[in-house]
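Morning, everyone. Please have the sequence and the model open while I talk. I will go ligand by ligand.

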Amino acid sequence: MIWLVVITQQMLAQSPHGKNFAIDCATCHHPENWSYQQNKATFSHDSTAFPLVGQHKDLDCRSCHQTLAFDQAQSNCVSCHSDIHQQTVGNDCARCHTPQSWIVEDVTQMHENVAFPLMGVHANINCNDCHQSETNVRFSPTGVTCIDCHRADYVNTKKPDHVKNNFSNDCAMCHGLNGSAWSTEIIDHSFFPLEQGHKIDDCKACHLAEDYSIISAECISCHQNDFNGTQNPNHAMSGFSNNCIECHTISPSWKPVTFTDHDGRFFLFTQANTKAYGPTV
Ligand code: HEC
Ligand code: HEC
Ligand code: HEC
Ligand code: HEC
Ligand code: HEC
Ligand code: HEC
Ligand code: HEC
Ligand code: HEC
Ligand code: HEC
Ligand code: HEC
């Protein structure tokens with residue numbers, strides 16, 4: 001009896017597991033020897049704050065607990081795995097990785113999380129075209145606005161010269177991600193809607209010069225000839241305003257016409273057509 005107590009005390013004294021270690025030795029050790037025998041131990045790592053899953057499951061205890069003072073182990077990934085990304089994505093590895101593998105399955109989702117969905121022309125280019133760095137796994141911030149990556153494209157434009165015309169740096173205002181390179185298929189032209197009589201495919205019908213420098217939006221600037229050519233009624237002789245939208249919309253053939261001017265000028269010259277053209281009031 002005395003012998004046993006002495007032995008146990010000796011053993012406790014030489015326990016490598018640290019001072020405050022409170023788990024019964026028999027949970028892990030068999031009286032025969034001090035090596036840890038998986039099949040005989042009743043200890044479950046699930047009882048700790050760090051369940052062993054994925055590729056951690058079958059590791060030797062010592063690969064994580066070198067000192068055998070179990071409570072010294074830190075549970076955040078970066079305390080055991082070196083940061084291959086060199087501080088470009090932070091220390092919270094578990095944001096993107098699991099102990100199953102380092103492969104990131106859903107790169108698409110990852111980019112949605114940083115408000116830069118990889119769509120259209122951006123969907124099929126190499127990671128390194130955007131993440132330019134010395135290694136494949138340094139993801140230094142690139143910025144998420146178009147100009148952050150396309151400044152050179154912007155500065156080098158000739159037709160039209162974007163700098164000279166002071167076009168917005170928000171390329172998406174005029175360029176879509178789904179068309180071919182820098183085409184303006186989705187150009188947002190809502191400041192001067194291209195519909196009805198202005199639903200014209202050829203931009204150059206209005207933008208006569210190669211560049212898209214600001215042109216006047218006033219009807220007369222483009223429709224002087226139409227105005228001069230009118231016969232029925234003859235607009236110039238009738239003293240009609242140059243501001244066509246007083247009577248016209250942009251609907252094709254200059255019809256319908258709304259005319260609410262009550263000063264009578266119009267009737268003087270259109271007696272025969274009073275019915276057709278008369279005031280709408
Ligand atoms: C949670 C499981 C667990 C418990 C509980 C535990 N041990 Fe251990 N012990 C281990 C592991 C794992 C090893 C390393 C075994 C190996 O590498 O073969 C170890 C190794 C040892 C060693 C050998 C040290 C060395 O350098 O090889 C001694 C001595 C030891 N434990 C004593 C104790 C004593 C005394 C207790 C009770 C106070 C105890 N252990 C409780 C898991 C445990
Ligand atoms: C992949 C790494 C890893 C492996 C392998 C591993 N552990 Fe752990 N273990 C940890 C971490 C991390 C903690 C700390 C959890 C926490 O934050 O409390 C821990 C905690 C513990 C604790 C509780 C310590 C305390 O007092 O809080 C014990 C006991 C333990 N491990 C025993 C073992 C044994 C026995 C083995 C082998 C069967 C083992 N561990 C294998 C990482 C590991
Ligand atoms: C206490 C230390 C420890 C912690 C904490 C830890 N690991 Fe591990 N992990 C290891 C060890 C040891 C290995 C075995 C291979 C090695 O030595 O790198 C391993 C292996 C892996 C592997 C297998 C691929 C490889 O590198 O061999 C992955 C994936 C992994 N860990 C991911 C993670 C993730 C994700 C976290 C955080 C959620 C994490 N680990 C936390 C110690 C740890
Ligand atoms: C924002 C997401 C993100 C975070 C956070 C992150 N990683 Fe990664 N990691 C990646 C991506 C993406 C890859 C490339 C994986 C691929 O190609 O499938 C990668 C790859 C790896 C690889 C494999 C490298 C190779 O050459 O195959 C390791 C190891 C790794 N990461 C460790 C870490 C560690 C350690 C941390 C924490 C310090 C961490 N990662 C944090 C996204 C992340
Ligand atoms: C078209 C450009 C583009 C491509 C292609 C691209 N990325 Fe990104 N990526 C970004 C932008 C923009 C961010 C956000 C960066 C910022 O905030 O400065 C980002 C962020 C990241 C992050 C950090 C995410 C986080 O949560 O911190 C990782 C990791 C990453 N990308 C990995 C990849 C990998 C791997 C690929 C290839 C499969 C890839 N990227 C392809 C533009 C791209
Ligand atoms: C993180 C960097 C990055 C950001 C931010 C970014 N792009 Fe890109 N983009 C690229 C790269 C890299 C390519 C492919 C190489 C190239 O053609 O410049 C590309 C290609 C394109 C192309 C096709 C060009 C061609 O010649 O085929 C268009 C169009 C485009 N981007 C529009 C945009 C728009 C619009 C935005 C803003 C909403 C934007 N990009 C934001 C990196 C970026
Ligand atoms: C106000 C509208 C507008 C904005 C904003 C705009 N663009 Fe353009 N861009 C155009 C038009 C119009 C064209 C001529 C398209 C055509 O000929 O089909 C063009 C053509 C281009 C071309 C090809 C022409 C050349 O000379 O190489 C590039 C490259 C280009 N844009 C880049 C950009 C970039 C980069 C941005 C943002 C930083 C941007 N654009 C912003 C209207 C715009
Ligand atoms: C029916 C005439 C008309 C057609 C067709 C037309 N535009 Fe315009 N566009 C205008 C007018 C007018 C303005 C000036 C609007 C203003 O200043 O309010 C303008 C302005 C612009 C601007 C300058 C915007 C800025 O912010 O500097 C661009 C770029 C442009 N148009 C591109 C195009 C493209 C590309 C097409 C062909 C898809 C096109 N336009 C077709 C009449 C037209
Ligand atoms: C920048 C030049 C430009 C400006 C400004 C402009 N238009 Fe036009 N408009 C055109 C062109 C080009 C056409 C197509 C060719 C044609 O029919 O003259 C057209 C066609 C029309 C048509 C259809 C004509 C038909 O025969 O079907 C109407 C109606 C019209 N415009 C009304 C207006 C009105 C009203 C305004 C002022 C709010 C206006 N436009 C301003 C260039 C312009
Ligand atoms: C005071 C009202 C009024 C104003 C202002 C006005 N129009 Fe008219 N316009 C009419 C009326 C009325 C008609 C005949 C409509 C019909 O036949 O149904 C007409 C018809 C036309 C026609 C077709 C008839 C023809 O002889 O070819 C054209 C083209 C035309 N207008 C162009 C213009 C242009 C361009 C402007 C501006 C620069 C303008 N109009 C301003 C009232 C106006």
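**Ligands and iron sites**

Start at ligand 10: one of its nitrogen atoms is 2.7 Å from an N or O atom in the side chain of H235. That is a polar contact, meaning a pair of N or O atoms within 3.5 Å; within protein, one must be able to donate a hydrogen and the other to accept it, and residues adjacent in sequence count only if both atoms are side-chain atoms.

Before I go on, some ground rules. This is a predicted model, where local features need pLDDT of at least 70, side-chain atom pairs count only at pLDDT 80 or more, and totals for chains, interfaces and linings use all residues. Residues are numbered from 1 along each chain as its sequence is written, chains are lettered from A and ligands numbered from 1 in the order in which they are written, and side-chain values use heavy atoms, with hydrogens and water left out.

Now the chain itself. It has nine helices and zero strands. Both are DSSP runs, numbered from the N terminus: helices are H or I, at least four residues, and strands are E, at least two. Of the 281 residues, 16% count as buried. Buried means under 20% relative accessible area, exposed means over 50%, and partly exposed is in between, with a 1.4 Å probe and protein chains only.

Back to ligand 10. How many residues surround ligand 10? There are 20, and the closest are Q231, H235, C244, C247 and H248. A residue is near if one of its heavy atoms lies within 4 Å. A backbone N or O atom of Q231 lies 3.0 Å from one, and for N232 the distance is 3.3 Å. Helix α6, residues 219–229, gives the most to this shell, with three residues. By type, the shell has eleven nonpolar, eight polar and one charged. Here Ala, Val, Leu, Ile, Met, Phe, Trp, Tyr, Cys and Pro count as nonpolar, Asp, Glu, Lys and Arg as charged, and the others, Gly among them, as polar.

Next, ligand 6. It has 19 residues around it, and H122, C146, C149, H150 and A181 come nearest. The shell divides into twelve nonpolar, six polar and one charged. Helix α5, residues 146–156, supplies the largest share, three residues. Domain 2 (83–141) and domain 3 (145–215) each give at least three residues. Those domain bounds come from an automatic or database assignment.

Which protein atoms are donors of the iron atom of ligand 6? They are NE2 of H122 and NE2 of H150, lying 2.0 Å from the iron. This pair links distant parts of the chain: H122 sits in the loop between α3 (107–113) and α4, H150 in helix α5, 28 residues apart. Donors are N, O and S atoms within 2.8 Å of the metal (3.2 Å for Na, K and Ca), and water is not among the atoms, so sites may look incomplete.

Why is the arrangement at this iron octahedral? Because its six donor atoms subtend angles of 88 to 179 degrees. The rule for six donors is that opposite ones are over 155 degrees apart and all others between 65 and 115. Ideal angles for six octahedral donors are 90 or 180 degrees.

Are these two histidines buried or partly exposed? H122 counts as buried, because its relative accessibility is 16%. H150 is partly exposed, because its relative accessible area is 21%.

On to ligand 3. Its iron atom is coordinated by NE2 of H56 and NE2 of H81, at 2.0 Å. H56 is in the loop between α1 (2–13) and α2, H81 in the loop between α2 and α3, 25 residues apart. H56 is buried, at 17%, while H81 is partly exposed, at 32%.

Then ligand 4. The protein donors of its iron are H85 (NE2) and H97 (NE2), lying 1.9 to 2.0 Å from it. Both residues are in the loop between α2 (61–64) and α3, twelve residues apart. H85 is buried, and so is H97.

Last, ligand 2. Of the 19 residues around it, H45, C61, C64, H65 and Q74 come nearest. A nitrogen atom of ligand 2 is 2.7 Å from a side-chain N or O atom of H45. For H65, a polar side-chain atom lies 2.8 Å from a nitrogen atom of the ligand. The shell holds eleven nonpolar, six polar and two charged residues.

Conventions
Four donors count as tetrahedral if all angles lie between 85 and 135 degrees; four count as square planar and six as octahedral if opposite donors are over 155 degrees apart and all others between 65 and 115; anything else is irregular.
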